[in-house]
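Please consult the sequence and the coordinates alongside them.

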Amino acid sequence: MPGIANPIASGIVLARRRSFEWSQVGEEVVILDPGMGELLRLSSVAGFLWKELDGRKSFSDLVKNACRQYAVDAAVAERDVRNFLQQLMEWDLVEVIHE
């Protein structure tokens with residue numbers, strides 16, 4: 001699957017794939033791939049973003065929410081959110097709802 005070239009311009013909206021089970025464990029989010037029996041642990045920040053991937057929020061919404069939640073600079077948040085979403089797409093953990 002191709003990476004996200006310019007998610008703000010494209011207005012991309014992603015959602016968690018329903019085939020993956022996940023839960024909150026302390027401050028981490030743990031994702032289970034039932035087919036492979038593998039666990040993926042997300043940091044608190046990545047877990048926050050994972051929970052935001054409800055199929056309704058655009059890339060820019062995710063960046064704004066990360067800035068509010070963590071009081072981080074918009075440019076830093078944009079870079080980090082983009083990198084995280086690209087990684088999720090490479091791992092096939094999310095699906096594109098619309099671009």
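The questions below refer to this predicted model.

Q: How many salt bridges does the structure hold?
A: Side chains of opposite charge can pair when their charged atoms come close. The cut-off applied here is a side-chain nitrogen of Lys or Arg within 4 Å of a carboxyl oxygen of Asp or Glu. The number of salt bridges in the structure is 8.

Q: Which side chain meets that of Arg41 in a salt bridge?
A: The N to O distance of this pair is 2.8 Å, which lies within the 4 Å cut-off. The pair links distant parts of the chain, 13 residues apart, with Arg41 in strand 4 (residues 38-42) and its partner in strand 3 (residues 28-33). The side chain that meets Arg41 is that of Glu28.

Q: Is Arg41 buried or exposed?
A: A residue counts as exposed when its relative accessible area is over 50%. For Arg41 the relative accessible area is 53%, so Arg41 is exposed.

Q: In what order do the 3 strands form the open sheet?
A: The pairing in this sheet is antiparallel. Its edge strands are strand 2 (21-25) and strand 4, each of which pairs on one side only. The twist averages 20° from one strand to the next. The order of the strands is 2-3-4.

Q: Which residue in strand 4 is the bridge partner of Ile31?
A: Strand 3 and strand 4 pair in the antiparallel sense over 5 bridges. Strand 3 spans residues 28-33 and strand 4 spans residues 38-42. In strand 4, the bridge partner of Ile31 is Leu40.

Q: What is the N to O distance in the salt bridge of Lys57 and Asp54?
A: Both residues belong to a network of salt bridges that links Glu52, Asp54, Arg56 and Lys57. Lys57 counts as partly exposed at 21% relative accessibility, and Asp54 counts as partly exposed at 23%. The side chains of Lys57 and Asp54 meet with an N to O distance of 2.6 Å.

Q: What separates Arg82 and Glu78 along helix 4 (residues 74-90)?
A: The side chains of Arg82 and Glu78 meet in a salt bridge at 3.3 Å, N to O. Glu78 counts as partly exposed, with 26% relative accessibility. Because Arg82 and Glu78 are 4 residues apart in helix 4, their separation is about one helical turn.

Note on methods. Residues are numbered from 1 along each chain as its sequence is written. This is a predicted model: local features need pLDDT of at least 70, side-chain atom pairs count only at pLDDT 80 or more; totals for chains, interfaces and linings use all residues. Side-chain values use heavy atoms; hydrogens and water are left out. Helices (H or I, at least four residues) and strands (E, at least two) are DSSP runs, numbered from the N terminus. Buried means under 20% relative accessible area, exposed over 50%, partly exposed in between (1.4 Å probe, protein chains only). Two strands pair if DSSP finds at least two bridges between them. Axes are lines fitted to C-alpha atoms, for helices over the stretch in contact, and angles run from 0 to 180 degrees between N-to-C directions.
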